[in-house]
Amino acid sequence: MPIRILIVDSYQELSQLSAGFVAEMVRFKPSAVLGLATGSTPIGMYEELVRLHIEQGLDFSKTTTFNLDEYVGLSESHAQSYYTYMRRNFWDCVNIPSDQVHIPRGDAGDLARECEEYEEGIERAGGIDLQVLGIGTNGHIGFNEPGSDFGTKTHVVRLSESTIEANSRFFASSNFVPREAISMGLQTIFRSRRILLLADGESKARAIRQMVTGDVTPQLPASLLKQHADVMLMVTRQAAAELPEDVVKLSGT
Ligand code: PGA
């Protein structure tokens, strides 16, 4: 089944439509299990979900969430941990009970065990109904870098140089960016029943073109999603800039 592509005009529209997509899932199934992403791209989506919660009573009290990844070595309280990001941008701003949110512990003593337990937690919750993803400039999803095995479950990954460089904007310098992370594996992500991938900015245009027009290859982890039955790619015009004309015409805008 071809990936559905929606090209939108602005970051604001991307944020509103992606939040609407998530909100629809939560309204339809209040006990939905959401897979969540961090990074710059979904910040506007979280803002909009918080607005829907405050102004329209969007109810997360029965929702469960699992985040994609966390840096190894950062404690929850570290300013750049994804735990801190999630509290600041979402968990603390809506009515989701704290025992229903999950993110790998980057400072776990036994990382292999942490990975196993995280994967088991997802299974126990019944699997992920809707996984929100960003995409790296190198085509990574979660922290599954080019060359990742399609069969991986939650595991410890080494960040590629390009990811360390891209993420250094959040740290004092690239020297402070952790070299490893715990990430859901490609198989974990692929098992989600529905996937929403968001991309904004020219820096993502090449990865988006390769994903949409290229072969399925471990060199571009996001290409795996072409084999998934229910994927929505929501991209701004900037991120869609390198897509061929015929694809743009079919994109629903
Ligand atoms: P970004 O990151 O949203 O900060 O661009 C996405 C990613 O690296 O997966």
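Biologist: Phe150: how does its relative accessibility count, buried or partly exposed?

Modeller: Phe150 counts as partly exposed, at 24% relative accessibility. Keep in mind that this is a predicted model.

Biologist: Why not buried?

Modeller: Because buried means under 20% relative accessible area, and Phe150 comes out at 24%.

Biologist: Where does Phe150 lie?

Modeller: In the loop between E6 and strand E7, and that strand spans 155–158.

Biologist: And what separates Phe150 from Cys93?

Modeller: Their C-alpha atoms are 35 Å apart. Along the chain, Phe150 and Cys93 are 57 residues apart.

Biologist: Now Gly35. Where is that one?

Modeller: Gly35 is in strand E2, residues 33–36. Gly35 is buried, with a relative accessible area of 0%.

Biologist: How far is Gly35 from Phe66?

Modeller: The two C-alpha atoms are separated by 4.9 Å. In sequence, Gly35 and Phe66 are 31 residues apart.

Biologist: Which residues are around the ligand?

Modeller: There is a glycine group, Gly39, Gly134 and Gly136, among them. The list also has Ser40, Thr41, Ile135, His140, Arg169 and Lys204.

Biologist: What does Thr41 do there, in terms of distance to the ligand?

Modeller: A polar side-chain atom of Thr41 lies 2.4 Å from a ligand oxygen atom. For His140, a polar side-chain atom lies 2.7 Å from an oxygen atom of the ligand.

Biologist: Which part of Ser40 lies 2.8 Å from a ligand oxygen, backbone or side chain?

Modeller: The backbone. One of the N or O atoms in the Ser40 backbone is 2.8 Å from an oxygen atom of the ligand.

Biologist: How much of the ligand's accessible area does the protein cover?

Modeller: The protein covers 83% of it. On its own, the ligand has 280 Å² of accessible area.

Biologist: Salt bridges next. How many does the structure hold?

Modeller: 14 salt bridges. One of them pairs the side chains of Glu48 and Arg51, at 2.8 Å from N to O.

Biologist: Where do Glu48 and Arg51 lie?

Modeller: Both lie in helix H2, residues 43–56. Glu48 and Arg51 are three residues apart, about one turn of the helix.

Biologist: Is each of the two buried or partly exposed, and which is which?

Modeller: Glu48 is buried, with 13% relative accessible area. Arg51 is partly exposed, at 31%.

Biologist: Which residue does Asp129 bridge to?

Modeller: Arg193, with the closest N and O atoms 3.0 Å apart.

Biologist: What does that pair tie together?

Modeller: Parts that are 64 residues apart in sequence. Asp129 is in the loop between helix H4 (111–124) and strand E6 (130–133). Arg193 is in the loop between helix H6 (186–190) and strand E9 (194–199). As for accessibility, Asp129 is buried at 5%, while Arg193 is partly exposed at 43%.

Biologist: And Arg194, which residue does it form a salt bridge with?

Modeller: Asp230, and the closest N and O atoms are 3.0 Å apart. This pair links distant parts of the chain, 36 residues apart. Arg194 is in strand E9. Asp230 is in the loop between helix H7 (205–213) and strand E10 (231–236).

Biologist: Which residues join Arg194 and Asp230 in a network?

Modeller: Arg4 does. Salt bridges with shared partners join Arg4, Arg194 and Asp230 into one network. Of these, Asp230 is buried at 16% relative accessible area, and Arg194 is partly exposed at 31%.

How values were computed
Residues numbered from 1 in each chain as written. Predicted model: local features only at pLDDT ≥ 70, side-chain atom pairs only at ≥ 80, totals over all residues. Heavy atoms only, no water. Salt bridge = Lys/Arg side-chain N within 4 Å of Asp/Glu carboxyl O. Helix = DSSP H or I, 4+ residues; strand = E, 2+ residues; numbered from the N terminus. Buried < 20%, exposed > 50% of the residue type's maximum accessible area, 1.4 Å probe, protein only. Near = heavy atom within 4 Å. Polar contact = N/O pair within 3.5 Å; in protein donor to acceptor, adjacent residues only side chain to side chain. Areas by Shrake-Rupley, 256 points an atom, 1.4 Å probe, with all protein chains shown as cover.
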